[in-house]
Amino acid sequence: MQETEIREYIYKIIMDKCTEDEEARQDAIGEFIAMTMPNIDEGAVRNIKSMIPPITELYDKWANMFVERLLETVPRNQIEELCSGTADNDSALVLVYIMFMESERMEKQVAEDIASFAPTQDDEAGNIASAYIRSKLTILAEEQKMKDATIQ
């Protein structure tokens with residue numbers, strides 16, 4: 001496999017897992033806010049939802065960062081194996097991505113990216129945005145583990 005093919009393959013696997021349509025995203029954010037802040041009014045919910053960037057904008061950046069880091073740290077033969085197209089290897093890529101996103105380095109990056117997206121947002125809205133993105137990653141990890149369990 002050429003490096004360009006590897007990059008495109010890994011990027012596609014990650015983005016396919018992380019993207020969703022805008023209506024579903026807005027619904028999920030609203031539900032998340034309502035669950036974590038039950039006494040918040042609808043106007044505040046709309047305001048906070050508007051501050052949370054579309055997942056695709058951030059996940060695009062983070063998926064590319066992941067690909068770069070993976071290529072820097074994992075031997076080529078192992079990367080090629082991960083890109084072989086099997087369900088198990090695709091699942092492994094997603095789980096490695098989730099671990100990458102949960103790293104201390106990426107926790108800081110997520111916070112910086114959210115802050116730069118909406119520099120005027122208050123701390124509470126930024127915290128909600130960060131919590132939502134972390135919960136999205138947790139859900140992806142749980143879904144992937146359940147999928148892996150049914151494959152075996």
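Q: Why does Phe66 count as buried?
A: The model is a predicted one, in which local features need pLDDT of at least 70, side-chain atom pairs count only at pLDDT 80 or more, and totals for chains, interfaces and linings use all residues. Residues are numbered from 1 along each chain as its sequence is written, and side-chain values use heavy atoms, with hydrogens and water left out. Buried means under 20% relative accessible area, exposed over 50%, and partly exposed in between (1.4 Å probe, protein chains only). Phe66 has 2% relative accessibility, so it counts as buried.

Q: Why does Tyr97 count as buried?
A: The relative accessibility of Tyr97 is 1%, and therefore this residue counts as buried.

Q: What makes the rings of Phe66 and Tyr97 an edge-to-face pair?
A: Rings of Phe, Tyr and Trp (its six-membered ring) pair if their centres lie within 6.5 Å; planes under 30 degrees apart count as stacked, over 60 as edge-to-face and the rest as tilted. Here the centres are 5.3 Å apart and the planes stand at 80°, so the pair is edge-to-face. Phe66 belongs to helix α4 and Tyr97 to helix α6, so the pair ties together parts that are 31 residues apart in sequence. Helices (H or I, at least four residues) and strands (E, at least two) are DSSP runs, numbered from the N terminus.

Q: Why is the pair of Tyr59 and Tyr97 called tilted?
A: The ring centres of Tyr59 and Tyr97 lie 6.3 Å apart and the planes meet at 50°, so this pair is tilted. Tyr59 in helix α4 and Tyr97 in helix α6 are 38 residues apart.

Q: Which residues do ring pairs link into a cluster?
A: The cluster consists of Tyr59, Trp62, Phe66, Tyr97 and Phe100.

Q: Why are α1 and α6 described as roughly perpendicular?
A: Axes are lines fitted to C-alpha atoms, for helices over the stretch in contact, and angles run from 0 to 180 degrees between N-to-C directions. Angles under 35 degrees count as roughly parallel, over 145 as roughly antiparallel, 65 to 115 as roughly perpendicular and the rest as oblique. The two helices pack at about 75°, with axes 10 Å apart; α1 and α6 are therefore roughly perpendicular. Contact means heavy atoms within 4.5 Å. Among the residues that make this contact are Ile10 and Ile13 of α1, and Leu93 and Tyr97 of α6.
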